[in-house]
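The entries follow in the order in which I looked.

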Amino acid sequence: MNKPFDSAELSADDDSLSIINVSRRSFLKEMVLGGFVLAAGFPELLRADEVAPVGTKYGADGMPHGWVDNPLVFVAIADDGTVSIVCHRSEMGQGVRTSLPMVVADELEANWLHVRVEQAPGDEARFGNQDTDGSRSMRHHFMPMRRVGAAARQMLEAAAATQWQVPVAEVRAEQHRVLHPATGRSLGYGDLAQAAAKLSVPARESVRLKNSADFRYIGKGQLGIYDGRDIVRGLGQYGIDTRLKDMLYAVVARPPVFAGKLLRYDAKQALKVPGVIKVVELPSTPPPAAFNPLGGVAVIASNTWAAIQGRKALKLEWEKGPHGNYDSIAYKTELETAARQPGKVLRNEGDVDAALAGAAQRVTAEYYAPHLAQAPMEPPAATARIVNGHCEVWACTQAPQLSRDQVAKWLKLPVENVTVHVTLLGGGFGRKSKPDYVVEAALLSAAMNGKPVKLTWTREDDLQHSYFHTVSLERLEAGLDDQGKAIAWLHRTVAPSISSSFGPDSKHQMPGEQGMGVINNPFAIANLRIENPEAEAHTRIGWFRSVSNIPHAFAIQSFVAELAAAAGRDHKEFLLELMGPPRKIDPRTLGDNWNHGESPELYPIDIGRLRRVTETVAQKAGWGRQLPKGCGLGLAAHYSFVTYIAVVVEVAVSEAGVLSIPRIDIAVDCGPQVNPERIRSQLEGACIMGVSLATLGEISFKDGAVVQDNFHSYQLTRIDDSPREIHVHLLPAPTYDTPLGGVGEPGVPPIAPALCNAIFAATGQRIRQLPIRDQLRKD
Amino acid sequence: MTEGDYRMTTLNINGNNHLIDLPVDTPLLWALRDALGLTGTKFGCGISICGACTVHIDGEVARACVIPISAAVGKKVVTIEAIEQDATGQQVQQSWLAHGVPQCGYCQAGQIMAATALLKHNAKPSDADIDKAMSGNICRCGTYPRIRAAIKQVAESLEIKP
């Protein structure tokens, strides 16, 4: 790509020294590098199930727009010394708006108290990949952000050295100042900023990173979250809080059944509701759903309540469409039927049928996990306005560039004419990766001649029209020899695929879904076959924090406990035996070419690490200790998002069958720990989300439509139901040159099986269907 | 209710009187957020079971999403934006920060309002008291253990001060 001489930028593809003509606040300068129109889809999730071609890019390099480490893009320094650092990833509670700028500040030797964080608008060509998904923010951007800070520090040091006419080796940056110890002189960053901005950005090879012993913030977990003070005073600005002059408010009535259509509507009564201004039909699009709005009828009003009341007054007639009979009870039977017959073979080692036939003992179990809704506390919301052919959007989005591309596509504008401002997200969990609601806001603004329109999803909208976590049936069959050792393993996994939302329904799980614990099952069993029979999708399938790891880990880790019980052996010892000896497995040898988008060389499946978290959590939880009647411990271990997690749950089940969870221990090996305090908070939260989906969460369908419509029917764990104590055990962190693992998601999958294993230990009752809800109740 | 069948409603919010030009059955939540721009009080469910909209009305916890503005007339409404003016409220905020309670933070205004009301009524809440007072507030991010610890720390410090 040809770049103008004076606007070249360092990027993943550019190793040359750039000569940059910078202004004082140069990181605000628009630099157009050519518009990439990002195709919808997930290149790494959808990669064909064949060996990855030569030149495959992994990690951050494999994500659209990769990474950027140009300090001029991410850092600006004002005359008063205030350092502004750009955060290009969306903040949804994982702490990224604190942690990534913290990395820059540390290498920059900036004093955190004088740092401002600025949220990047959607512009991946400028900032690198912004799609905040897949537990990737820190593992992909840790090193680029270190280089950003270090390069900026070197520029400040160079500026000071020039001013003092001393060799640059004689100066050093320290906490917002550059010092010349030989003469005792120092200059603050504010005094140096203008001069530094005139210098060229150091070539990547000459960027000197700190010795980790000199970290002030990285690895310490001492900083509170950047927005903490605002949040506790009610000043945090979320997508739903956007306010613009002359803004209108809208809600949309959407087809109750996925792919259904509006037949006719009558807005007469709606238009009489005080505050209602206009009623507008939104087009639906034929499947696949992709990120398209679902269509329907919008009510636009002068405040949110008027819009909601107006919508209630609409008379609507819908055609149900092809999925009008979707019924979860009937569908479960379909899944079971499919699972009880052979299906597409994903992996086949040894001779499972012969080994099963010759086994001393055979154990079979089927595990069912229903659809889930992410249900972030802030429902999807977005505000859009269009002025002079430029659309500006404010959205709580995990996918700023995708939002921008989709709005541009739907409004038929060049991408450069769309600006997406990213607000705080009141939770995401995968729902806000899909910008259908952002497009809706843009279309409604267009319908109002560009006036600003805030589009709010009510809780009913969020629960009835989400991109739901899939529904699945996992059938497992194993054979044990007369020593109680597993010698045969047959796993049939049946679930509608995320890919059905983005293309023709293949009815099979795609490589990314297979690679979430199914195909990359690392157990050392000589005879192993994994099959994936067909399952058709009847709703929008999307991703929910940790995705298909949830049903896969639920089934596999529950089944391990069932096998151990059948063999009369200690569960932990049985699990460790299944894992096999410490060794590193190339995931490609298991048929997994996805490996969470990471290089198999940098991220082999390390059984030593999996064993270590298992041993650690067992020891910390007092595995094997005697417990009173009705109490029990359950164990599960799972590798996902290239991080290793093991969990012990302690339960107490009363005579009447009331479940309580006194304690959860969770051991985490995520590699280097950049912000241990936020790692802990993420893992605590993952435990509770895991408990919630295991005990209460179910989205079910009847006559094509979602049954649940608010938190009375779609229940979530509250403080009185949550584990009384959660103990997070971070394994000793390795050095910072070790590849990082993901943190946001891996804590979730092992919770449901550990909980059910604990219930089994406590009561002898085996739960194979989620949610647990009233299955234990005796009254 | 017919079109035009409303009057201007005077509400006392955070010590100030405001004239609200909305139908009298409009929930307080939307008067706060849309009419007054006080967006600290959040929308989560609209049926008073998630707690995101928690305010104080005459010192008691109230869920603003189901309280029509007509029912708030003549009462003192306090929202998250003003809770730092309350000594207990300020301690709750500080304890929240010291314990790193918020993750996404969206539910925390409601949590802080509920916790402040609890501690103003009961300076030594037991675990069961905390459960009861806080179970109306959902946190999807799972900050409950830290909420509990933060409340207990405020209780301890309230105990020390006479």
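Entry 1. With which residue does A:E118 form a salt bridge? I noted first that this is a predicted model. The partner is A:R116, and the closest N and O atoms are 3.1 Å apart. I then looked up accessibility: A:E118 is partly exposed at 22% relative accessible area, and A:R116 is partly exposed at 41%.

Entry 2. I looked up a second pair, A:R347 and A:E349, whose side chains meet in a salt bridge at 2.7 Å, N to O. Here A:R347 counts as buried, with 6% relative accessibility, whereas A:E349 is partly exposed at 25%.

Entry 3. In chain B I took the salt bridge of B:D86 with B:K120, where the closest N and O atoms are 2.4 Å apart. B:D86 sits in the loop between β5 (76-78) and α3 (87-98), and B:K120 in helix α4 (residues 108-121), so the pair ties together parts of chain B that are 34 residues apart in sequence. B:D86 has 19% relative accessibility and counts as buried, the cut-off being under 20%. B:K120 is partly exposed at 46%.

Entry 4. I also found a network of salt bridges that links A:E107, A:R146, A:R153, A:E157 and A:R208.

Entry 5. I turned to helix α15 of chain A, residues 571-579, and found seven of its nine residues buried. Among them are A:F574, A:L575 and A:L576, and also A:K572. The elements of chain A that cover these buried residues include α14 (549-567), α16 (607-621) and β23 (631-640). At the start of the helix, a side-chain oxygen of A:D570 comes to within 3.1 Å of the backbone nitrogen of A:K572. Just after the helix, A:G580 has a positive phi of about 85°.

Entry 6. I looked up the interface last. In chain A, 62 residues are in contact with 51 residues of chain B. The buried area is about 4600 Å², with 60% from carbon and sulfur atoms. On the chain A side, A:V232, A:M377 and A:I719 lose the most area to chain B, together 17% of what that side buries.

Entry 7. I counted five salt bridges between chain A and chain B; one that I looked up joins A:D241 and B:R33 at 2.8 Å, N to O. Residue pairs in polar contact across the interface number 26. α17(A) gives the most to the side of chain A that touches chain B, with ten residues. By class, that side has 26 nonpolar, 20 polar and 16 charged residues.

Notes:
Residues numbered from 1 in each chain as written. Chains lettered and ligands numbered in written order. Predicted model: local features only at pLDDT ≥ 70, side-chain atom pairs only at ≥ 80, totals over all residues. Heavy atoms only, no water. Contact = heavy atoms within 4.5 Å. Buried area = accessible area lost by both parts, 1.4 Å probe. Salt bridge = Lys/Arg side-chain N within 4 Å of Asp/Glu carboxyl O. Polar contact = N/O pair within 3.5 Å; in protein donor to acceptor, adjacent residues only side chain to side chain. Helix = DSSP H or I, 4+ residues; strand = E, 2+ residues; numbered from the N terminus. Nonpolar A, V, L, I, M, F, W, Y, C, P; charged D, E, K, R; others polar. Buried < 20%, exposed > 50% of the residue type's maximum accessible area, 1.4 Å probe, protein only.
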